[in-house]
Amino acid sequence: MSLVRTETARTGFRLSFGGGPLPLYLGSAILLAWFVLAVLAPLVAPYDPIFQDGTARLQPPNLNHWLGTDNFGRDILSRIIWGARIDLQIALFGVVFPFLIGTALGSCAGYFGGWIDTVLMRIIDVVLAFPFLVLMMAIIVILKPGLSSFYVAMALVGWVSYARLVRAQILVIKSADFVLAATSLGYGHSRIMFRHLLPNAILGSVVFSMSDAVLVLLNGAAISYLGLGVQPPTAEWGIMIAEGQSFITSAWWITTFPGIAIVTLAMGFSLLADGLGELLGVRE
Amino acid sequence: MSETLLDETILSVRDLAVVSTGGGTTETILDRVSFDLKRGEILGLVGESGSGKSMTSRALIRLLPSNRLSVSGGQAFLNGRDILALDDKAMRAVRGGSIGMIFQNPSSHLDPVMTIGKQIAESIRFHKSVGKGEARRQAVDILRQVGIPDPERRFDAYPHEFSGGMRQRAMIAVALACDPDILIADEPTTALDVTVQAQILKLLTDLRDTRGVSIIFITHDLGVVSQVCDRVAVMYGGRIVELGGKREVIGQGRHPYTAGLVACQPAEGSPGERVRTIHGQPPRVGHMPEGCRFHPRCPKVSERCSMVSPELELAAPGHQVACHYPITQRLAEVAT
């Protein structure tokens, strides 16, 4: 019975749980957990994240400081919990602005074509010609290091992926029959674009934005690590890693725990992206 | 239909011409297409693939399938107003407002991510200034009129939740939403199975009877034409070659092409006999023959046919033919 065998082979690869794909639930659970921690930070965190306790420097994980302390005697666990606020904010804003700009420009390029398309695609080529991180660093340095500059740089550099994605989708569906039908009802360009084309084209971008959040998060941490993003003594995971790196052989806990925090949050986004893609039938 | 309604001409197309430009050459796609459509009338546009029947309908709503194509001449008077001369804004009000389109494939011509009801209500709100609740009420009413059961609930259904026949009803509802004077139905039953096909044809004739809407019915199926149409225009190579009442054109076609088409119907032969065909291929764009475009395939061809293109002329009251040598009595052997 070859039919039965292929059926089991297929379900064997696709773990599912409660009707939806498992990664969706797993990813949402991780993100939700971090979100709750971030919101409840003042209640949950055992210490003030920037309070320096001179008597408790470089303590390994113990009962008072579960994840140990850094070289200023600050509690790592509290800093990670407070840092979640900033890192979630980075992932959110770092995705939303590029998403909006890229979608708007990409759909115009795809729908109208012609010189608009040519100009936009050349701009995208130019942006892509620079290494991503170098371009971002250049913009941030010009603007003045800080989180808001990071968001501006992210928007200026990150929109290109969304623009290309949406443009490609619009190109495919703008010749679809239902668009002709909408035109035959007398609808103008903007109505067709925003009410009929975009809702059909946006799914891929939504799924992509989830995996993009991973990259943005790592970027934000990297930029902060380089001293261009969040400024000390604010608790942020990238800075914590940067500050702890000189103690990596003597006090491993200063860098390891923020690192694990980044990995779990990134995994949450990544799993959510996979799950969403499977649920909505979008393949990247 | 009462005779008084049939007397009122709602659309009058005169010498409609469409050309394709590109690569330095200009090709005639539609040539001198002229016909009248009366209120409450169903006019069939019949012809092979590429004969220009769909092109005619697309030219009327000025949505030609490629930007290499353009209307190069002619007028189309809708209620006395030439819609070929309107600006874009006025034309958008005509589309969907005065002329509704029904397409061949209902599965692909409905927006897959918008509910059926919203698509109808959107059209109503776009063309009439009514509120959201009123648009919804009217949309439900139209869904009921096109025979969709439980319209209140179906309003919130997506196209994929409908069957093929239901989707076609839904598309008719979208086209009807703004109470257009004319429905253009481009092969509306081709993608449906036979029983559903009969229901949709019945729905269209019912709508004509109840709402007095005129229908341009594009099809290649002569059987469908004889079921629903009042008059028929036969198209070949971008021209109307014969135009008249359904009975006259299909029963006593004057043009050799019409006669050939009728003879090709499987029902015309006796059981076991091979289905007849018209020999040769329809002309392709860029390779249109000189003179009468049918002459290379015509059984009655003469020298004059290859030089002079015949005009559409009155052969009998209400019956026009574009042929130098129209058939005066039934020829048995027009097709081989």
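Guide: Where the two chains meet, 14 residues of chain A and 19 residues of chain B take part in the contact (two residues are in contact if their C-beta atoms, placed from the backbone, lie within 7 Å). This is a predicted model, in which local features need pLDDT of at least 70 and side-chain atom pairs count only at pLDDT 80 or more, while totals for chains, interfaces and linings use all residues. Residues are numbered from 1 along each chain as its sequence is written, and chains are lettered from A and ligands numbered from 1 in the order in which they are written.

On the side of chain A that touches chain B, helix 8 (177-184) and helix 9 (189-225) of chain A each supply at least two residues (helices, H or I of at least four residues, and strands, E of at least two, are DSSP runs numbered from the N terminus). Helix 8 of chain A provides the largest share of that side, six residues. By class, the side of chain A comprises seven nonpolar, six polar and one charged residue (Ala, Val, Leu, Ile, Met, Phe, Trp, Tyr, Cys and Pro count as nonpolar, Asp, Glu, Lys and Arg as charged, and the others, Gly among them, as polar). Also in chain A, a cis peptide bond with omega of about 10° joins A:Pro232 and A:Pro233; A:Pro233 is placed in the loop between helix 9 and helix 10 (237-244) of chain A.

Chain B is divided into domain 1 (3-98 + 180-321) and domain 2 (99-179), with bounds that come from an automatic or database domain assignment. The C-alpha centres of these two domains of chain B lie 27 Å apart. Contact is made by 23 residues of domain 1 of chain B and 20 residues of domain 2 of chain B. Strand 7 (182-186) and helix 8 of chain B each supply at least two residues of the domain 1 side. That side divides into 15 nonpolar, five polar and three charged residues.

Helix 8 (residues 194-211) of chain B packs with helix 7 (residues 164-176) of chain B at an angle of about 20°, their axes being 10 Å apart (axes are lines fitted to C-alpha atoms, for helices over the stretch in contact, and angles run from 0 to 180 degrees between N-to-C directions). Helix 7 of chain B is therefore roughly parallel to helix 8 of chain B, a description used for angles under 35 degrees. Helix 7 of chain B contributes B:Gly164, B:Gly165, B:Gln168, B:Arg169, B:Ile172 and B:Leu176 to the contact, and helix 8 of chain B contributes B:Val196, B:Gln199, B:Ile200, B:Leu203 and B:Leu207. Of these contact residues, six are nonpolar, four polar and one charged.

Strand 3 (residues 42-46) and strand 9 (residues 231-236) of chain B run parallel and are joined by four bridges; B:Val46 has B:Val234 of strand 9 as its bridge partner.

Definitions and conventions:
Angles under 35 degrees count as roughly parallel, over 145 as roughly antiparallel, 65 to 115 as roughly perpendicular and the rest as oblique. Two strands pair if DSSP finds at least two bridges between them.
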